[in-house]
There are 2 protein chains.
Amino acid sequence: MAKGARVTAAVMIIGDEILSGRTQDTNLNAIARYLATFGVDLVEARVVGDVKAEIIAALNTLRAQCDYVITTGGIGPTHDDITADCVAEAFGVALEEHPEIIAMMVARWPGALNAARRRMARIPVGGSLVKNPVQGPPGFQIGNVFVLAGVPMIMRGMLEDVGPRLRAGAVVIARTVRVEGAGEGVIAAPLEALANRHPDLSLGSYPFFGPEGFGSNLVVRGRDGAEVAATVEELIAALADIGAKSITRVEA
Amino acid sequence: MAKGARVTAAVMIIGDEILSGRTQDTNLNAIARYLATFGVDLVEARVVGDVKAEIIAALNTLRAQCDYVITTGGIGPTHDDITADCVAEAFGVALEEHPEIIAMMVARWPGALNAARRRMARIPVGGSLVKNPVQGPPGFQIGNVFVLAGVPMIMRGMLEDVGPRLRAGAVVIARTVRVEGAGEGVIAAPLEALANRHPDLSLGSYPFFGPEGFGSNLVVRGRDGAEVAATVEELIAALADIGAKSITRVEA
């Protein structure tokens, strides 16, 4: 998980509502798919509650280990929204009201810019704004950390302003071969042999079961498109060799 | 996040498919809701890829910090399924074929118990089996760590054998008050005042926006049912005081 030629990122999801089970997170999946289009490898995700010391500790660990960290949640106006405070403390800087956000708020709530709303105008000194095209105040970036909203619709809007700031990596190409009527127990040996012949690729097996039958989706992932394509053909031949009947290339 | 009177747990989700965005995790939410019924607080979750050193490091951190750790994923027969190996190494013990699993497999695959399937019969020395009522071999427990499947249907089946082994805590009672047509910016001040008067409770605000309007779900959580109920009434009165018109108690 070291910094290097590969471009890496971690996601930190902040909020008691995820850990209590009240809310099903969908932000991690949206961010993972978004980062993949820039060739950025998501290497870890953490979900932490609304606890200052835990947020700061996790952020400091992840921002040292990865090229980028994206946080979601905890940037609203209520007392349980403590992400900006934690990020400032992690970086050892103060929080300051950003004049651009204050100006947006004056326009949005003329005569009703109360203390709670002003909390959302505070960003760490040295940070820059991340545009919010959806609703409410912007997120922010400081160093290699992007601080986004938790509401999925708003988070996805803010993401659009994150991508252009990333150092892009080589995009990973993934191809899926679906095999039906053959379980992982019989697929495992030829799959492992293939994985051993292609150490630069990642080969995964994701089984399915259900009333419609059983089988597995076999995923070949790598940065060399020709090697991925050739390996898919080798995989299909190996599956035919063990007698698998229903083999399908799944279009992405 | 220390061990103590509160009973705490962490979840560790293992698998490249979650970090690549291929798969939307739902296991975290299912486990969070399940643990809540036993009064066990889920305090952290981590998603790690299929990388041995990272799995071992995260597991050793979490099992020292929490009363329990539940892992999902990586216990199938293919080469990318390395969870059992990692757990054994984290505990410093060997992996051994469990005679009960071998017996199940002989019955399930007469004459076809190959090396890949035998991999799923290995559990760390000193571990015990976690029943799998759905499909395939069992999970296992060693120390305070429960190792479950990644396929959601199977994971949920295995969970039923985890609960009875947990030291139960006092169950958290959560009540939700939904306010429509009033944003968090105006709710924040009375909500914070209420939070300050009830330091043992957790008060959260979860805004919503959409074509049908805007507002927030305000959640009061705590272990003292009488205090939670009284605080809900205080909250409703405080919302009425700031002129909120549409206030509803949401039934759980």
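**Note on a predicted two-chain model**

1. In this predicted model, B:Ile70 stands opposite B:Phe146, a residue of β8(B). The two strands concerned, β3 (residues 68-72) and β8 (residues 145-148) of chain B, run parallel and are joined by four bridges.

2. That pair belongs to an open sheet of 12 strands with mixed pairing, whose order is β6(A)-β7(A)-β8(A)-β3(A)-β1(A)-β2(A)-β2(B)-β1(B)-β3(B)-β8(B)-β7(B)-β6(B). At its edges lie β6 (128-130) of chain A and β6 (128-130) of chain B, each of which pairs on one side only. On average, neighbouring strands of this sheet are turned by 20° against each other, with direction ignored.

3. One residue pair may be named here: A:Val48 has B:Glu44 in β2(B) as its bridge partner.

4. Two helices of chain A deserve attention for their placement on the strands. Helix α2 (residues 27-36) of chain A lies across β1 (7-14), β2 (40-48) and β3 (68-72) of that chain, and runs at about 165° to β1(A). Helix α4 (residues 83-91) of chain A lies across β1, β3, β7 (139-142) and β8 (145-148) of chain A, at about 170° to β8(A).

5. As to symmetry, chain B is superposed on chain A by a rotation of 180° with 0.0 Å of shift along its axis, the RMSD being 0.0 Å. The two copies are therefore related as by a two-fold rotation axis. Which residue of chain B comes closest to the rotation axis? It is B:Arg46, whose C-alpha is at 2.2 Å. The same surface serves both copies, since 100% of the contact residues of chain B recur in chain A.

6. The interface comprises 47 residues of chain B in contact with 47 residues of chain A. On the side of chain B that touches chain A, at least two residues each are supplied by α1 (16-19), α2 (27-36), β2 (40-48), α6 (115-119), α8 (184-197) and β10 (202-208) of chain B. By class, this side of chain B has 21 nonpolar, 15 polar and 11 charged residues.

7. Finally, the domain assignment divides chain A into domain 1 (7-165) and domain 2 (173-250). The C-alpha centres of these two domains of chain A lie 38 Å apart.

Technical notes
Residues numbered from 1 in each chain as written. Chains lettered and ligands numbered in written order. Predicted model: local features only at pLDDT ≥ 70, side-chain atom pairs only at ≥ 80, totals over all residues. Pairing = 2+ DSSP bridges. Axes fitted to C-alpha atoms, helices over the stretch in contact; angles between N-to-C directions. Contact = placed C-beta atoms within 7 Å. Least-squares fit on C-alpha atoms with pLDDT ≥ 70 in both. Domains from an automatic or database assignment. Nonpolar A, V, L, I, M, F, W, Y, C, P; charged D, E, K, R; others polar.
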